[in-house]
Amino acid sequence: MTLAKARAARIVRTTGVGAVAIAAAALFAAPSASAASGAGGSTVFVQTDDTTANTVVAYERAADGTLHQKGVHRTGGRGGVLAGTVVDHLASQGSLAYDRRHHLLYAVNAGSDTVTVFAVHGTDLRRVQEISSGGKFPVSVTFHGNQVYVANALGGGSVQGFVRTGERLVKVPAWHRELGLDAAASAVGQIAFTPDGSKLVVTTKASGQSIDVFPVGGYGSHGGPSAKPVVTSLPGAVPFGFDFDSAGRIHVTEAGTNSVGTFVVGRDGKLTAKGTVPTGQTATCWAVTAGGHVYASNAASGTLSGYRVGPQGKLTALGNTATDAGTVDAAASSDGRYLYVQTGAKGIVDEFRVNGNGSLTSIGSVVVPGAVGGEGIVAG
């Protein structure tokens, strides 16, 4: 038995505090890496969310930022479609997560209640594992170091944590948290670690309409999320997707008011509001940062709303940029020079160059096979 397999077996066999202690030791034995860090690359991966056979389509990024398809890879699971959705079948952000440092890609399979792990070799993907998400209808996945967490949107909403051992995940039962939301509705917009890995942030929709922050224990403690989150209620706002700027502030799309809210995350998990700006568009649901700019996707308007981030986090509007119909999830290249936007009406990814002033220049688009309504995109 390899060392990795032996470690995994010990975690599975042990329960309670002992399991968590072993997991914590595994977590912090290796250097940390957030979803926004790691080596750059020239790849873009797009999830189709196909309900028959979910796939991830790999693209190579040329020197001018344009994409060229290289392969289609089955996850082994099925995509899912939330009732009432048309261009955004998962109604979430972050259904793919790319660990560049460890060359791993995580994909949710909402229709199978599973998560797939791929080993990444350039644009080639090797499927390593498909594992239960620990809940119903997984829609978002995040990682930091050797910790991986998945948010499940149905059945009241839940969060499940895993330890990464080598290329595989091991579920840690003590790292499961029920969100206690409306069991009949889509409960979660996104889950993500703060850039320093000290907290998990979850946006809740439906009966929640809040931003939930779980402080995460470090070495020498239980290592998992706090028993209860620090909840910031935003009635009527419907917080959905979010991203962090270089100062660690969180910029959250608020679908109920079609706006973007900015918050500072305190050491104790409490949020301090720094301002809200309206997009003037419809169905503002996804957010991505690129350099010193934030871009919000407006699904019903078919646009991106751009903002410059000021020194104190204030957002200054840069105007709207048209996309193909059904603007949903988006990803920026690791150098911040290019932005790639999924549009769910026809399964197209629009390609943009990010100019120094934050304006966007269209450089082309690609049709992703089988991706109508699909969500999930990451870039190297």
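What share of the 380 residues of the protein counts as buried? In this predicted model, 59% of the residues are buried, where buried means under 20% relative accessible area, exposed means over 50%, and partly exposed lies in between (1.4 Å probe, protein chains only). Residues are numbered from 1 along each chain as its sequence is written, and side-chain values use heavy atoms, with hydrogens and water left out. Because the model is predicted, local features need pLDDT of at least 70 and side-chain atom pairs count only at pLDDT 80 or more, whereas totals for chains, interfaces and linings use all residues.

The average pLDDT, the predictor's confidence in each residue on a scale from 0 to 100, is 90 for the protein, and 88% of the residues score at least 70. Over residues 1-40 the pLDDT is below 50, and this stretch has 61 contacts in the model beyond near neighbours in sequence; contact means heavy atoms within 4.5 Å. Where pLDDT is low, predicted coordinates should not be read in detail.

The protein contains 2 helices and 28 strands, taken as DSSP runs numbered from the N terminus (helices: H or I, at least four residues; strands: E, at least two). Among contacts between residues at least 6 apart in sequence, 50% join residues at least 24 apart.

The largest nonpolar core has 45 residues, of which Tyr106 and Phe137 touch the most other members. Such a core is a set of buried Ala, Val, Leu, Ile, Met, Phe, Trp, Tyr and Cys residues joined through side-chain atoms within 4.5 Å. Strand β9 (residues 147-154) supplies the largest share of this core, 6 residues. Apart from this core lies another, of 14 residues, including Val57, Ala331, Val368 and Ile377. In soluble globular proteins, nonpolar side chains tend to be buried together. Leaving aside neighbours within four places in sequence, the contacts of Phe137 include Gly80, Val81, Leu82, His89, Leu90 and Ala110. Ala151, Asn152, Ala153 and Leu154 are also among the contacts of Phe137.

An open sheet is formed by 4 strands in the order β4-β5-β6-β7, with antiparallel pairing; two strands pair if DSSP finds at least two bridges between them. β4 (96-99) and β7 (124-132) stand at the edges with a single partner strand each, so one side of each has no neighbour in the sheet. Neighbouring strands of this sheet are turned by 20° against each other on average, direction ignored, with axes fitted as lines to C-alpha atoms and angles running from 0 to 180 degrees between N-to-C directions. Strands β5 (residues 104-109) and β6 (residues 114-121) run antiparallel and are joined by 6 bridges. Tyr106 stands opposite Val117 in β6.

The structure holds 3 salt bridges, each a side-chain nitrogen of Lys or Arg within 4 Å of a carboxyl oxygen of Asp or Glu. Glu60 and Lys70 meet through their side chains at 3.8 Å, N to O. Since Glu60 lies in strand β2 (residues 55-61) and Lys70 in strand β3 (residues 67-74), the pair ties together parts that are 10 residues apart in sequence. Glu60 is partly exposed, at 35% relative accessible area, and so is Lys70, at 47%. Arg126 forms a salt bridge with Glu167, the closest N and O atoms being 3.0 Å apart. Arg126 belongs to strand β7 and Glu167 to the loop between β10 (158-165) and β11 (168-178), so this pair ties together parts 41 residues apart in sequence. The side chains of Asp245 and Arg249 form a salt bridge at 2.9 Å, N to O, and both residues are buried.
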